Amino acid sequence: MEIGIKNTLELVVNQNNTAKNMGSGNLEVFSTPSMIALIEETAWKSVEPFLNDGESTVGTKLDINHLSATPIGMKVTCNTELVEIDNRKLVFRVAVYDEVCKIGEGIHERFIISNEKFMEKTNKKLNS
């Protein structure tokens, strides 16, 4: 894995990913939670081919500005670029656009984890 890995994913805004449906507002526009999910998906899918068997990444930090509203029916495009690798920490620069303008930008951090160890630690919470 090396700095510079890029990825792009697209979706079309629909009733399911609006602020009204997601509970983040009462308007039928692309929701911030849906934008965050698109950013995370774009980032993790970009590095997945470079991970060892039994590894994944988990999102740990987001510093995102939602700059503009997007109506139902419009296409949204998310671009991520891996800009820093610090041991297991991966830092991505992200930009999100609709068909008219940039609607989001910021930084997203993920950590490389062992699936087995991560789930074992997580499931211990059930016994505490």
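Trainee: Which residue's side chain meets that of Lys75 in a salt bridge?

Mentor: This is a predicted model: local features need pLDDT of at least 70, side-chain atom pairs count only at pLDDT 80 or more, and totals for chains, interfaces and linings use all residues. Residues are numbered from 1 along each chain as its sequence is written, and side-chain values use heavy atoms, with hydrogens and water left out. A salt bridge is a side-chain nitrogen of Lys or Arg within 4 Å of a carboxyl oxygen of Asp or Glu. At 3.9 Å, N to O, the partner of Lys75 is Glu10.

Trainee: How many residues apart are Lys75 and Glu10?

Mentor: Helices (H or I, at least four residues) and strands (E, at least two) are DSSP runs, numbered from the N terminus. Lys75 belongs to strand β3 (residues 75-86), and Glu10 to strand β1 (residues 6-12). The pair links distant parts of the chain, and the separation is 65 residues.

Trainee: What is the relative accessible area of Lys75?

Mentor: Buried means under 20% relative accessible area, exposed over 50%, and partly exposed in between (1.4 Å probe, protein chains only). Lys75 is partly exposed, because its value is 34%.

Trainee: Why are Glu41 and Lys45 separated by about one helical turn?

Mentor: These two side chains form a salt bridge at 2.6 Å, N to O. Glu41 is partly exposed at 31%, and Lys45 is partly exposed at 34%. They are about one helical turn apart because both sit in helix α2 (residues 32-47), at a spacing of four residues.

Trainee: Which strands hold Arg93 and Glu81?

Mentor: Arg93 and Glu81 form a salt bridge, with the closest N and O atoms 3.4 Å apart. The pair ties together parts that are twelve residues apart in sequence, so look in two strands. Arg93 lies in β4 (residues 89-97) and Glu81 in β3.

Trainee: What is the order of the strands in the sheet?

Mentor: Two strands pair if DSSP finds at least two bridges between them. The sheet is open, has five strands and pairs them antiparallel. Its edge strands, β1 and β2 (55-66), each pair on one side only. The order is β1-β3-β4-β5-β2.

Trainee: What angle does the direction of α2 make with that of β2?

Mentor: Axes are lines fitted to C-alpha atoms, for helices over the stretch in contact (heavy atoms within 4.5 Å), and angles run from 0 to 180 degrees between N-to-C directions. Neighbouring strands of the sheet are turned by 25 degrees against each other on average, direction ignored. Helix α2 packs on the sheet and touches β1, β2, β3, β4 and β5 (102-114). Against β2, its direction makes about 140 degrees.

Trainee: Is Asn17 buried or exposed?

Mentor: Asn17 is in the loop between β1 and α1 (19-22). Beyond its neighbours within four places in sequence, its contacts include Leu11, Met22 and Phe30. Its relative accessible area is 10%, so Asn17 is buried.

Trainee: Which residue's backbone nitrogen does the side chain of Asn17 reach?

Mentor: A polar contact is a pair of N or O atoms within 3.5 Å; within protein, one must be able to donate a hydrogen and the other to accept it, and residues adjacent in sequence count only if both atoms are side-chain atoms. At 2.8 Å, the side chain of Asn17 reaches the backbone nitrogen of Asn14.

Trainee: How far apart in space are Gly59 and Ala43?

Mentor: Gly59 is in strand β2 and is partly exposed at 37%. In sequence, Gly59 and Ala43 are 16 residues apart. C-alpha to C-alpha, their distance is 9.2 Å.
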